[in-house]
Amino acid sequence: METNKTMHQTLLILHSINRWLVLASLFYAIGIALSGLRSGRAFSGADNTVRHVTATISHIQLLLGLSLYMISPVVKFDVAETIGTGLVSEHTFFRLIHIAFMAIAVVVITIGSARAKRVGSEKEKFRTMFVWFGVALLIILAAVPWPFSPLANRPYFRSF
Ligand code: HEM
């Protein structure tokens, strides 16, 4: 029981910290894509690394999220539907809304990354990265339990 609690807290801290890497990498990649589109320069090896690292960070967040999902007390079926200050209960938010939105966002990032890798022209690479990563970022921003979110609220930085 104690081990489960420690594991839950560890995963929660990692998932909470990695959210900032997910967001920072997406903002950075989108910025690179926009500047590449505007300048008309070639899609360099460094741009390709940014594309790849951004997708990998989101995959790590997905794995952390899935692990949390399996042990989180807030997702368990016997949790009261009434807990939570948002429009929906914390249970509904984390069991359905958060996982659905975030899983879709990670799929969008993965497809965008794969397409950007394969499309022919340099401009198309930047455009693909900009559009797909941009859509994923919007979905993620909507489904993070920000302290000000109308759905569910968690701190910016977690410390137990
Ligand atoms: C990909 C982008 C994702 C971001 C940015 C993100 C962000 C967050 C944040 C900020 C929290 C609150 C952490 C805290 O309480 O300190 C959270 C909680 C949670 N996330 Fe995610 N998440 C993502 C994906 C996922 C996915 C794909 C899943 C499930 C498969 C997931 C499952 C959970 C669960 C279950 C909790 C609540 C854990 C608990 O309180 O016990 N997350 N997420």
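Helix α3 contains 29 residues and extends 40 Å from its first C-alpha to its last, close to the 42 Å expected at 1.5 Å a residue; the expected span is 1.5 Å times one less than the number of residues in the helix. At isoleucine 97, α3 bends by about 35 degrees, the bend being the angle between axes fitted to the seven residues ending at a residue and the seven starting there. The model is a predicted one, in which local features need pLDDT of at least 70 and side-chain atom pairs count only at pLDDT 80 or more, while totals for chains, interfaces and linings use all residues. Residues are numbered from 1 along each chain as its sequence is written.

The protein has four helices and zero strands, in the order α-α-α-α from the N terminus. Helices (H or I, at least four residues) and strands (E, at least two) are DSSP runs, numbered from the N terminus. The C-alpha trace spans about 55 × 30 × 25 Å along its principal axes. Of the 160 residues, 29% count as buried, with 20 or more other C-beta atoms within 10 Å of their own, C-beta atoms being placed from the backbone.

The ligand is surrounded by 28 residues, of which Ser16, Gly65, Ser72, Met102 and Arg158 are the closest; a residue is near a molecule if its C-beta atom, placed from the backbone, lies within 6 Å of it. Two or more residues of this shell come from each of α1 (2-39), α2 (45-71) and α3 (90-118). By class, the shell comprises 18 nonpolar residues (Ala, Val, Leu, Ile, Met, Phe, Trp, Tyr, Cys and Pro), three charged (Asp, Glu, Lys and Arg) and seven polar (the others, Gly among them).

Notes. A residue is buried if 20 or more other C-beta atoms lie within 10 Å of its own, exposed if 12 or fewer, and partly exposed in between; C-beta atoms are placed from the backbone.
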